Amino acid sequence: MIAVAITGASGPIMGIRLIEELLNNSEEVYAVVSNASWQIIEHELSYKKKGSFPLTDLIASRGKTANTGLLKEFDDKDFFSPLASGSTLFEAMVVIPCSMKTLSGIAHGYADSLITRACDVSIKEKRKLIIVPRETPLSLIHIENMHKIALAGAIILPPVISFYTLPKSTDDMVDFITGKVLNLLGKKNTLFESWGNSSGSTKEILA
Ligand SMILES: Cc1cc2nc3c(=O)[nH]c(=O)nc-3n(C[C@H](O)[C@H](O)[C@H](O)COP(=O)(O)O)c2cc1C
């Protein structure tokens with residue numbers, strides 16, 4: 001089981017795509033969306049939170065996976081969630097996108113939400129923790145917080161545009177970041193081809 005958190009930075013679509021791909025790979029996903037993220041989802045994806053399982057509803061409405069049965073979603077204040085405890089053996093955790101506020105909470109062990117608590121658990125249990133921070137420019141405080149959690153073992157994967165894959169749309173850019181996370185998780189990635197395997201124009205550019 002993979003834990004995925006979506007926090008209130010721009011680009012929640014990256015977290016949604018990751019969850020869709022994990023579900024398509026028949027992976028069980030435990031997901032948490034912060035309250036701030038729901039506001040950004042409304043703004044960027046025109047989806048207004050509704051019902052008891054809004055993430056499941058949102059993903060089902062996009063029609064890109066049939067496997068929503070493998071998705072469990074938890075409220076960010078629900079410390080009774082299995083994700084709040086190291087006794088739950090989740091394989092890895094991804095925070096995508098990660099706001100600077102959540103980054104700060106993780107860096108300082110300030111676990112006042114399920115997301116920051118689950119990250120705290122990941123670090124203390126030495127589990128794989130992938131952080132996709134989204135802010136620009138970065139202040140020294142942001143950089144120091146990233147430094148701190150990198151020293152604690154987390155992987156920092158900024159959502160940087162891959163010009164070399166010749167993206168044609170924002171969907172292509174999102175899929176590239178999603179694919180990078182899948183690669184780090186050691187999961188199947190069909191979202192972009194590894195360098196040198198492309199039958200298309202990237203090869204020609206190298207030549
Ligand atoms: C439209 C919008 C976009 C935002 N984008 C970012 C962002 O890219 N990075 C960031 O760190 N905060 C961003 N924020 C601010 C966070 O949402 C805010 O700090 C919030 O408290 C984060 O809470 P959370 O970490 O619990 O999700 C944005 C806010 C709004 C309304």
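**Note on the predicted model**

1. Read along the sequence, the protein follows the pattern β-α-β-α-α-β-β-α-α-β-α-β-α-α, with 8 helices and 6 strands. Helices (H or I, at least four residues) and strands (E, at least two) are DSSP runs, numbered from the N terminus. The radius of gyration, taken over C-alpha atoms, is 17 Å, close to the 17 Å that the globule rule gives for 207 residues, so the protein is as compact as a globular protein of that length. The globule rule is 2.2 Å times the number of residues to the power 0.38.

2. This is a predicted model, in which local features need pLDDT of at least 70, side-chain atom pairs count only at pLDDT 80 or more, and totals for chains, interfaces and linings use all residues. Residues are numbered from 1 along each chain as its sequence is written.

3. Along its principal axes, the C-alpha trace spans about 55 × 40 × 30 Å. Of the 207 residues, 42% count as buried, that is, with 20 or more other C-beta atoms, placed from the backbone, within 10 Å of their own.

4. The ligand has 16 residues around it, of which Gly8, Ala9, Ser34, Ala36 and Met100 come nearest; a residue is near a molecule if its C-beta atom, placed from the backbone, lies within 6 Å of it. Both α2 (35-45) and α4 (100-107) supply at least two residues of this shell, and the largest share, 5 residues, comes from α2.

5. Gly186 lies in the loop between α7 (170-185) and α8 (201-206). Gly186 is exposed (12 or fewer other C-beta atoms within 10 Å), because 10 such atoms lie within 10 Å.
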